[in-house]
Amino acid sequence: MSYNINEKGYYGEFGGAYIPEMLYPNVEELRQNYLKVMAEPSFQEEFNQLLKDYVGRPSPLYFAKRLSKKYKTKIYLKREDLNHTGAHKVNNTIGQILMAQRLGKKRIIAETGAGQHGVATATVCALMGMECIVYMGEIDIARQAPNVARMKMLGATVIPALSGSRTLKDATNEAIRDWINNPVDTHYIIGSAIGPHPYPDMVTKFQSIISEEIKSQLKEKEGTENPDYVIACIGGGSNAAGTYYHFLENEDVGIIAVEAAGKGIHSGESAATSVLGKEGIIHGCKTLLMQTDDGQITEPYSISAGLDYPGVGPLHSHLYRTGRGEFYSATDDEAMQAGLELAKLEGIIPAIETSHALAVFNYKTFKPDDIVVISLSGRGDKDLNNYIEYFNL
Amino acid sequence: MNRIQQKLHEHKKLLSIYFTAGYPTLNDTVTVIENLEKAGVDMIEIGLPFSDPLADGPTIQASSTQALKNGMTTTVLFEQLKDIRKTVTIPLIAMGYFNPMLQYGVEAFCAKCKEIGIDGLIIPDLPVDVYQEEYQTIFEKYGLINVFLITPQTSDERIRFIDSVSNGFIYMVSSASTTGAKSGFGNAQSNYFERIAAMNLKNPQIVGFGISNKQTFQQATQQARGAIIGSAFIKHISTNGIANLDQFVNPIIS
């Protein structure tokens, strides 16, 4: 059993490129070139240099002493929250903007839900002096005002997605429509491990720096490269994909995913895609997605704007289906409490997305000598208003 | 011979109309089809509404959203169409995104199309390669013609491949755009139309996207066998209703 992508762009039965013919030349150009470009020494050098000097990598692997004591196991936090722009998203946008430059593209488009990927894209476009257009659902624009302002300050044009439910999935639709209308000069920087092949694989590989660093950092701290478990929250699943990547084929390392259960898995307001989803096609790939019996894509809910995506990346559908990954889902309340607990015990305020991963301790007990690595995918500054409202701070 | 293939043998420029099933109201589907045939349309594309129509512009998006709100589903559509062949003889093509068909079951979907008298399918997000590997035998078993799109960016090599897999017509997207985004044709389109005509493909071509009136219909069909109008027709019925469709069709074909 392999957990990596095959030559046709599938993880097991999930993945592929289910795209209208209008997008075929763009996606095919990328497919033919992405591995070649990524392997070029000049690309590697520029990518690594920027990750080091601009993003601030390697991000620390921090032993969370008080959290470990409370849950009676050894917990390490991979501090992606300390990256420039405050989350793991920038690893991918740096990679993709370098890719876009090498493919001769002049114009960058992106979708964003909570605004983190939009900010990370606007940031690298400013860095490279490239035009940047970010599609964001009208509803998300209203609830994520600070990130909208950040994108504007960075020189991006933020276009509200007015169609459908006016959130992340519709922003993604609008970005895809933009790409159909501008097929020659534009590169679409997808923010998660979703979309038509080669996007899930390309995004995963750019994010795989997370697990690459975990291995060397753990070797130094624990004398072993391999933890007993790696844990991440999953919306589309880019931080999770990066956190798991170098452990996928080593079944001694347990893989744990935490999705957003919203107000409860069966409350009708949830984003627990692996449980509620069925196999189908969304945004160009075959994967598990939330939909009606008639095949219409439904609107997910989570208190976290970064997890309310109705699908999940094809790699994760494969991990779920094969049993390689253990999947849990945390409710809004469990996540908020876990976020507060991290703040109180470790002095770190996590993004609400990340708080879902921290809520894993509600569902799973680890052994005292287990080494558990949690991806701390983002910082909580952007969520302060939500925390204030929720806890009456 | 399939009705589409018969129609393509006629010596005239074909007008095909796309509309969204269940729009403007749920039970308009059959009336729209019957009135279009009476108005002299050659072929009809019945759009199955989808929640996330990636290749469509605002007009078809809005009609799809409305149709879904009206209660349209694949099952409802098949029920509405069950007696359509008692009144309608022109070719009927079901056009929609792949996910609803996948959920219905591809084989069950094809079987139902054959039973009703649907002649072909257009599925923009089912790539030709996947079709050929996984679904072609099913489509052929039920005598359905699958229609593929090409665009100005499609390479000659890929056009030849699509031509080899097709057995009805090729849907020529007039410019790199979503539906209803552009109107009128310039030099780029003329060059593209000429380039495709010069390839002498085995399948005739029907042009879609950007056609809204007599002028664009004529431009599109100078070389191609016919043209498809979608967004402009949906705009027409949303303001003028579905009764006198010859008001829309006559000025184009007269």
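A salt bridge is a side-chain nitrogen of Lys or Arg within 4 Å of a carboxyl oxygen of Asp or Glu. The legends below use this term for a predicted model.

**Figure 1. Salt bridges between chain B and chain A.** Three salt bridges are counted between chain B and chain A. One of the contacts of this kind joins D52(B) to K169(A), whose side chains meet with N and O 3.0 Å apart. Polar contacts across the interface of chain B and chain A come to 17 residue pairs, with both residues at pLDDT 80 or more.

Figure 2. D52(B), L54(B) and Q103(B) supply 22% of the area that chain B buries against chain A, more than any other three residues.

**Figure 3. Chain A as a whole.** The secondary structure of chain A consists of 16 helices and 14 strands. Its C-alpha trace spans about 55 × 45 × 45 Å along the principal axes. A compact globule of 393 residues would have a radius of gyration near 21 Å, and the 19 Å of chain A agrees with this. Of the 393 residues in chain A, 65% are buried. Among contacts in chain A with a separation of 6 or more, 73% are between residues 24 or more positions apart.

Figure 4. T172(A) is in helix α8 (residues 168-181) of chain A. Is T172(A) buried or exposed? Its relative accessible area is 3%, so T172(A) is buried, the limit for that class being under 20%. Leaving aside residues up to four places away in sequence, T172(A) touches E111(A), Y188(A) and H283(A).

**Figure 5. The salt bridge of R57(A) and E213(A).** The closest N and O atoms of R57(A) and E213(A) are 2.8 Å apart, and the two residues form a salt bridge. R57(A) is in the loop between α2 (41-55) and β3 (61-63) of chain A, while E213(A) is in helix α10 (residues 209-222). The pair links distant parts of the chain, 156 residues apart. Both R57(A) and E213(A) are buried. A network of salt bridges links R57(A), K78(A), E80(A) and E213(A).

**Figure 6. The salt bridge of K74(A) and E222(A).** The side chains of K74(A) and E222(A) meet in a salt bridge, with N and O 3.0 Å apart. This pair also links distant parts of the chain: K74(A) is in strand β4 (residues 74-78) and E222(A) in helix α10 of chain A, 148 residues apart. With a relative accessible area of 27%, K74(A) is partly exposed. E222(A) counts as partly exposed too, at 25% relative accessibility.

**Figure 7. The salt bridge of D81(A) and R79(A).** The side chains of D81(A) and R79(A) meet in a salt bridge with an N to O distance of 2.9 Å. D81(A) and R79(A) are both buried. Over all chains, the count comes to 38 salt bridges.

Note on methods
Residues numbered from 1 in each chain as written. Chains lettered and ligands numbered in written order. Predicted model: local features only at pLDDT ≥ 70, side-chain atom pairs only at ≥ 80, totals over all residues. Heavy atoms only, no water. Buried area = accessible area lost by both parts, 1.4 Å probe. Polar contact = N/O pair within 3.5 Å; in protein donor to acceptor, adjacent residues only side chain to side chain. Helix = DSSP H or I, 4+ residues; strand = E, 2+ residues; numbered from the N terminus. Rg over C-alpha atoms; globule rule 2.2 N^0.38 Å. Buried < 20%, exposed > 50% of the residue type's maximum accessible area, 1.4 Å probe, protein only. Contact = heavy atoms within 4.5 Å.
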